[in-house]
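The structure is shown below.

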Amino acid sequence: MKLITNYQVDHKAKNYEIIVTENALEQEYDLSHYHKCFALIDTYVYRLHKAKIDAFMKRYDIEKVLIPSGEAVKTMHHFSTMTELLLEKNIKRNDCLIAIGGGATGDFTGYVAASLLRGISFIQVPTTILAHDAAIGGKTGINSKHGKNLIGAFKRPDRVIYDISFLNTLNDAELLSGFAEIVKHVLLNGNYKVNQISDIVNDDLSRLMQAFNKLDDLKDMNKMQTWITYGIQTKLNVVERDELESGVRKYLNFGHTLGHALEFSHKLPHGIAVIHGMMYALILSGYEENIIEKFYHWLIQLGYPEVEVKSFEHYYALLSKDKKNETDSISFVVMEQRQGHLENVFYLKSFEYGTLKKSFERWVTVLRSCYGEK
Ligand SMILES: O=C(O)C(=O)C[C@@H](O)[C@H](O)[C@H](O)COP(=O)(O)O
């Protein structure tokens, strides 16, 4: 068994362990302090990894509950059905829910755990690259008809068991979706040299761009592991400082404002929507078209698909419901270079309708020209 790394989250109390390794599900864990465990498992993931998951459940006498795959489960209907089902099963405060699946499975299960009996334990068993981000930091929730993740809670898992052998069965869309959050983590760590920014030169970003320049590179899990641990470390550095998102954690939402609106409107994989949302956020941040084009050329080489685009007004309604807004104007995380700084500076900035719309039109023009549409 190859151990990549074990993390210990450094909060003042109630820390949790993040085990990242191949076949992590086969390791021994002490679950004896729970009265009973229920595993909420993404149906699609269960079909692909039945033997492995069944062996884990048998070893710890865990009860299986299959749930709809992916984002489809994050509805009030499924939340209500699941909580009633678990109450029917006479769930206890010292029981534990185990989420086995991608980010959506973790969000849903965590929110059920946060709500049932005012909070029971839960464990994350993420099965995607995207989950290197989603399973850490305690954000849980479901969607509303008004937008993505609008109902939720902060709820720390008791443990994250990240069995990276699950990643071998990810399809192309899932690989691209997960990789988008790695790109975001690299940008967040950016050490750009001011005079070189126009060539997108950044130690980590250029390393990433060199390591991955076609879709097949994303399938190289040895390569990917390095960047998954990089992403986890970046995320931990932020959430340990600001768990409840009153300050720096907001920057983890870079690209997510328009990203969530695109994801919600077109039912796109999360990261594919976010990668385009980041390009829009760069335009809002003041970056010139040539920088965005360079990014897009790399992204197209990797296989990121173009997004369908509706009118700006359509997205504006969703942007106005974003959780980061504190007034009637829309808040975006922007990434700017400041005079005298060697690093990019992230901050939250409010924008009026006119600026957002103009930037949107610029983004659509770049998008269309890079993807070769008339
Ligand atoms: O952990 C965070 O904080 C993030 O914003 C990370 C995001 O990449 C992630 O997609 C998160 O689930 C989005 O949360 P939301 O608060 O924008 O719903």
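## Burial criterion and model

A residue counts as buried if 20 or more other C-beta atoms lie within 10 Å of its own, with C-beta atoms placed from the backbone. The model is predicted.

## Helix H4

By that criterion, twelve of the 13 residues of H4 are buried, and the helix is mostly covered. The buried residues are Gly 103, Ala 104, Thr 105, Gly 106, Asp 107, Phe 108, Thr 109, Gly 110, Tyr 111, Val 112, Ala 113 and Ala 114.

H4 runs over residues 103–115, and its end C-alpha atoms are 18 Å apart. After H4 comes Leu 117, with a positive phi near 50°.

## Overall fold

The protein chain contains 13 helices and eleven strands. Its radius of gyration is 20 Å, close to the 21 Å from the globule rule for 374 residues, so the chain is as compact as a globular protein of that length. The C-alpha trace spans about 55 × 45 × 40 Å along its principal axes.

Of the 374 residues, 44% are buried. Among contacts with a separation of 6 or more, 72% join residues 24 or more positions apart.

## Ligand site

The shell around the ligand consists of Asp 133, Ala 134, Gly 137, Lys 139, Asn 149, Glu 181, Glu 245, Arg 249, Leu 252, Asn 253, His 256 and Lys 323. By class, six of these residues are charged, four polar and two nonpolar.

Where does the ligand lie relative to domain 1 and domain 2? Domain 1 (3–167) and domain 2 (172–370) both give residues to the shell, so the ligand lies between them.

Key
Residues numbered from 1 in each chain as written. Predicted model: local features only at pLDDT ≥ 70, side-chain atom pairs only at ≥ 80, totals over all residues. Near = placed C-beta within 6 Å. Nonpolar A, V, L, I, M, F, W, Y, C, P; charged D, E, K, R; others polar. Domains from an automatic or database assignment. Helix = DSSP H or I, 4+ residues; strand = E, 2+ residues; numbered from the N terminus. Rg over C-alpha atoms; globule rule 2.2 N^0.38 Å. Contact = placed C-beta atoms within 7 Å. Expected span 1.5 Å × (residues − 1).
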